[in-house]
Amino acid sequence: MVRMTPQMRALYDMCAAALVEGRADLDGADDVGFDIDLPLFTVGRTAQIADIHPQTLRQYDRLGLVTPYRTGGGARRYSLRDIQRLARAQRLSQDDGVNLAGVARILDLEEENRQLRRQVNRLREPADASIFAADADGGIMQVKRSRRARMWRRDIREEARELPSSGTDAQRSTSRSMVLWGYR
């Protein structure tokens, strides 16, 4: 199970409740920094948040409608993405009368549509709007570059800076004439 502070757990609980109630969506949660795929919620907590009987969660898992992460001991752990999918499945099946095969297809298409919208939005961004960095596990992740960071980099390129001088006269004249690499 993932270790986190009680404050962070409370934030994830509030986000999950907002997803179930329709006051938030996955893109918004992702944009503000929630890890929407973090397997955090137990069967009991998920059932409580989504107002779904735990046996229904197990049935949805068996049918492949919502497949949660499994711990080493086999316990189910649900993410924000899973909770949103569960809430949507419940609305489709109970309120709209869609059968479970139809619900599965609708949910898959909605997720594909969401991924395509995010990809289109990334493609519309300027080429220098993001950079790549390593995450805590060594994987590569995309990070948005702030306007302030772009301005700082531009200012440094325009400003020729010399290395500090110290040592002999020959070293001083050499260091004064050297400009930091990449700034001209």
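Ser79 is found in the loop between β2 (76–77) and α5; helices (H or I, at least four residues) and strands (E, at least two) are DSSP runs, numbered from the N terminus. The model is predicted, with local features needing pLDDT of at least 70 and side-chain atom pairs counting only at pLDDT 80 or more, while totals for chains, interfaces and linings use all residues. Residues are numbered from 1 along each chain as its sequence is written, and side-chain values use heavy atoms, leaving out hydrogens and water.

**Ser79**
- Ser79 counts as buried because its relative accessibility is 4%; the classes are buried under 20% relative accessible area, exposed over 50%, and partly exposed in between (1.4 Å probe, protein chains only).
- Residues up to four places away in sequence aside, Ser79 touches Ile36, Asp37, Leu38, Pro39 and Phe41, where contact means heavy atoms within 4.5 Å.
- Ser79 and Asp37 lie 42 residues apart in sequence, yet their C-alpha atoms are 5.2 Å apart in space.

- Gln90 belongs to helix α5 and is buried, with a relative accessible area of 13%.
- Leaving out residues up to four places away in sequence, Gln90 touches Ile52, Thr56, Tyr60 and Asp95.
- Asp51 sits in the loop between α3 and α4 and is exposed, its relative accessible area being 70%.
- The phi angle of Asp51 is near 55°, a positive value in a residue other than glycine.

**Helix packing**
- Two packed helices are described by the angle between their axes and the distance between the axes.
- Helix α3 (residues 43–50) and helix α4 (residues 54–63) pack at about 105°, with axes 9 Å apart; axes are lines fitted to C-alpha atoms, for helices over the stretch in contact, and angles run from 0 to 180 degrees between N-to-C directions.
- Helices α3 and α4 are therefore roughly perpendicular to each other; angles under 35 degrees count as roughly parallel, over 145 as roughly antiparallel, 65 to 115 as roughly perpendicular and the rest as oblique.
- Val43, Thr46 and Ala47 of α3 meet Pro54, Leu57 and Arg58 of α4 in this contact.
- By class, the contact of α3 with α4 has four nonpolar, one polar and one charged residues; Ala, Val, Leu, Ile, Met, Phe, Trp, Tyr, Cys and Pro count as nonpolar, Asp, Glu, Lys and Arg as charged, and the others, Gly among them, as polar.
- Helix α1 (residues 6–21) packs with α3 at an angle of about 45°, with their axes 9 Å apart, which makes α1 oblique to α3.
- Asp13, Ala16, Ala17 and Val20 of α1 make this contact with Arg45, Ile49 and Ala50 of α3.
- The contact of α1 with α3 comprises five nonpolar, no polar and two charged residues.

**Overall architecture**
- The protein has eight helices and four strands, in the order α-α-α-α-β-β-α-α-β-β-α-α along the sequence.
- Of the 184 residues in the protein, 28% are buried.
- Among contacts between residues at least 6 apart in sequence, 48% join residues at least 24 apart.

**Lining of the second largest pocket**
- Helices α2 (26–31), α5 (80–95) and α6 (100–124) each supply at least two residues of this lining; a pocket is an open set of points on a 1 Å grid over the protein atoms alone, where a 1.4 Å probe fits, with protein on both sides within 12 Å along at least five of seven lines, and lining residues have an atom within 4 Å of a point.
- The lining has five nonpolar, three polar and 10 charged residues.
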